[in-house]
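Subject: Structure for your review

Dear colleague,

Please find below the structure that I am handing over to you.

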Amino acid sequence: LNEIYNWVDEIPLSRPKKNIARDFADGVLVAEMIYHYFPKIIEIHNYSHQKSYNWNTLNQKVFRKMGFQLSSLDIENVINAKPECIERILKLLRVKMEKYLQKQKENPESYGSPKRMPGVSQKDQSNIQQNYPKQTKVQRGSDEQELSKDRTIQELRDTIEILELKIKKLEQLTNLKDSKIQALQSKLSQHGLL
């Protein structure tokens, strides 16, 4: 976690960080972090203090460009400042930003130009840039497999969330029916029919 906190501290943000879960709950600081490294893929003026709108905009417009998306449950947990949720998302974001940078180096016409890879020194970044084209097709294939796995995991999380909502609804209906049955049984008992 300290590595994530140190990385966040390196980036100039519009407001001080006091409680990371609450500070990042509205998504504005995440947007600023992405803008710091990849100004061409995000329109920073789109983000205000509307938490849900900000996270959905990030998810649909920015994270999708970077090859991943958050589940609605993850977004809800961040908005509600659940402990260690933002740290997990920032860790994921950092990994995805590094991969996005590598893809930019491979195909610069398709991506906006970056500043510097998050959490990586200038020397290490130049080494990565020099060595990246030397990667084998197997390594690139494994990146694609990992991206495919990430998408599958995201789809499964969404499915789980939908199923959990259905379960809650069915439990509510069952409780409602139970209360109606009890009410009818008590009426039958009052009239001596039971």
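This is a predicted model: local features need pLDDT of at least 70, side-chain atom pairs count only at pLDDT 80 or more; totals for chains, interfaces and linings use all residues.

Residues are numbered from 1 along each chain as its sequence is written, and side-chain values use heavy atoms, with hydrogens and water left out.

Salt bridges

A search of the whole structure finds 6 salt bridges. The term stands for a side-chain nitrogen of Lys or Arg within 4 Å of a carboxyl oxygen of Asp or Glu.

One of them joins Asp 26 to Arg 15, with 3.0 Å from N to O. This pair links distant parts of the chain, 11 residues apart: Asp 26 is in the loop between α2 (20-23) and α3 (28-37), and Arg 15 is in the loop between α1 (2-10) and α2. Helices here are DSSP runs of H or I with at least four residues, numbered from the N terminus. Asp 26 is buried, at 6% relative accessibility, whereas Arg 15 is partly exposed, at 23%. Buried means under 20% relative accessible area, exposed means over 50%, and partly exposed lies in between, for a 1.4 Å probe and protein chains only.

Another salt bridge brings together the side chains of Asp 74 and Arg 88, at 3.1 Å from N to O. Asp 74 belongs to helix α5 (residues 72-79) and Arg 88 to helix α6 (residues 85-106), so the pair ties together parts that are 14 residues apart in sequence. Asp 74 has a relative accessibility of 6% and counts as buried, while Arg 88, at 40%, counts as partly exposed.

Is Asp 9 buried or exposed? Asp 9 is exposed, with a relative accessible area of 53%, and Lys 17 is partly exposed, with 32%.

A residue in helix α8

Asp 150 is placed in helix α8 (residues 137-190). Its relative accessible area is 23%, so Asp 150 is partly exposed. Asp 150 and Gly 67 are 83 residues apart in sequence, and their C-alpha atoms are 9.0 Å apart in space.

Yours sincerely,
A colleague

Notes:
Helices (H or I, at least four residues) and strands (E, at least two) are DSSP runs, numbered from the N terminus.
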